[in-house]
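Here is my note on the model, point by point. Please read it with the structure open.

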Amino acid sequence: MTSETVRLDRLVDDFVALVSIPSPSRREADVARWLTATLTGMGGRVSVDDAGARISGDTGNLLAQFPGTAADAPPLLLCAHMDTVVPCERVTPVRDGDVIRTDGTSVLGGDDKAGIAAILEAVRIVRERGIPHGPIDVLFTVCEEQGLFGAKHFDVGRLRAHRGLVLDCDGVDELVVQGPAANRMVFTVHGLEAHAGLCPEQGISAIRVASEAIAAMRLGRIDEETTANLGSIQGGLASNIVPNKVAVRGEARSRSDAKLRAQTEHMVACFESAAGRHHVTVAGRAHAARVEARVDRDYDRLDVPADSGIVRLIRGAVEGRGRALTVRATGVGCDANVFNGKHGLEVANLGCGMRQIHTVNEWVDVNDLEATAVTLVEALRLNAVR
């Protein structure tokens, strides 16, 4: 299978058209309409679910299903997400040779429209050129960037496929098979308000309690598998009031459930220990700082066995291009974390060439888009003969 398999001009045109349509999380309706028309024109049976209404968005997940052309060939899932991070209200793509970037005022949206464009071209090619393939489930999700919410609200029972790919990571010829589970946390510290100039000793500063907890906490890179972060702090009313309440939001991630549990317990304990050191008596009444800790599982681990069918399929597809596949772990989550294991699904995350994502310096090389699309064509072909 060579790069001549795909039509590079059409692939690039699709990518540029996609990134030029703003689609921040929960506002993906315009790109969904473009994709619905495109997929319907390709012969897909397209439907949109109610995920948008359930997460206060303007559209739901888009599922397009294509019939197979090879007898008894198993279905395959190809998935990417439609939303992008901000700033993306106005994207001006600029091409410099083989590289497409923005004018520096917005993200490009290659995360994840590089994946979408590669999927569209691969499906077109196998259908136009009569390459035998099994049934194809194409799923484009909403609101991935803010918590994998589209995937979480998608009914996987609608899929025919039992294995597939999410295209949502950087690199080319790389397959992510391990990713972390994540816990989201909110720590609400309660102190006691007082006049900061008149009687500060009669107050308990919630900000001070939180600061002591944070100072004692292990954060950042904990080990090869584990990270932790506190991302926002909100509280206080004015500089002349001892603050009686502050909320700190954070997360912990790990590819080890035991390590994630230990890191989460450590973070909670830091807040509880700091709160336990602060108390005061005012007018004969005792007051003590306290903390409310809320911990929610954001998503579970991605753990696809190295000898699984999807890994063997993609290894064969990449090697069919004369390249070597890199199978690796990551420190971030994606829709594959949500889908893998549900109803027997086996889903890995394939690199699609996005670079410097989540920044205004984001860029994509058209050769990487092409390589990804060729890999998908070969995967669809091989899936029909195995």
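Helices and strands here are DSSP runs, numbered from the N terminus; a helix has at least four residues and a strand at least two. The model is predicted.

1. Start with a backbone check at Pro 87. This proline sits in the loop between β3 (76–81) and β4 (93–96).

2. Asp 112 lies in helix α4. For context, most peptide bonds are trans.

3. Gln 356 has a positive phi of about 50 degrees, although it is not a glycine. His 358, also not a glycine, has a positive phi of about 65 degrees. Most residues other than glycine have a negative phi.

4. Now the helix pairs. Helix α1 (residues 8–19) packs with helix α2 (residues 29–41) at an angle of about 150 degrees, and their axes are 10 Å apart. Angles over 145 degrees count as roughly antiparallel, so α1 and α2 are roughly antiparallel to each other. On the α1 side, the contact uses Asp 14, Ala 17 and Leu 18; on the α2 side, Val 31, Trp 34 and Leu 35. By class, that contact has five nonpolar residues, no polar ones and one charged.

5. The pair α8 (residues 309–319) and α10 (residues 366–383) packs at about 125 degrees, with axes 8 Å apart. These two helices are therefore oblique to each other. The crossing is right-handed. From α8, the contact draws on Leu 313, Ile 314, Gly 316, Ala 317 and Val 318; from α10, on Thr 375, Glu 378, Ala 379, Leu 382 and Asn 383. The classes are six nonpolar, three polar and one charged.

6. Which residues have the most contacts inside the largest nonpolar core? They are Leu 35, Phe 140, Ile 314 and Phe 339, in a core of 87 residues. Helix α4 (residues 110–128) gives the most to this core, with ten residues. Apart from it lies another core, of 25 residues, including Ile 204, Ala 228, Val 246 and Ala 252. In soluble globular proteins, nonpolar side chains tend to be buried together.

7. Beyond its neighbours within four places in sequence, Ile 314 touches Leu 165, Leu 175, Leu 325, Leu 350 and Ala 379.

8. Last, Cys 334. Its place is the loop between β19 (326–329) and α9 (335–339). Is Cys 334 buried or exposed? Its relative accessible area is 3%, and the cut-off for buried is under 20%, so Cys 334 is buried. Setting aside neighbours within four places in sequence, its contacts are Glu 144, Leu 148, Val 166, Asp 168 and Asn 349. Cys 334 and Asp 9 are 325 residues apart in sequence and 29 Å apart in space, C-alpha to C-alpha.

Technical notes: Residues numbered from 1 in each chain as written. Predicted model: local features only at pLDDT ≥ 70, side-chain atom pairs only at ≥ 80, totals over all residues. Heavy atoms only, no water. Axes fitted to C-alpha atoms, helices over the stretch in contact; angles between N-to-C directions. Parallel < 35°, antiparallel > 145°, perpendicular 65-115°, else oblique. Contact = heavy atoms within 4.5 Å. Nonpolar A, V, L, I, M, F, W, Y, C, P; charged D, E, K, R; others polar. Core = buried A, V, L, I, M, F, W, Y, C linked by side-chain atoms within 4.5 Å. Buried < 20%, exposed > 50% of the residue type's maximum accessible area, 1.4 Å probe, protein only. Left-handed = near helix turned anticlockwise from the far one by under 90°.
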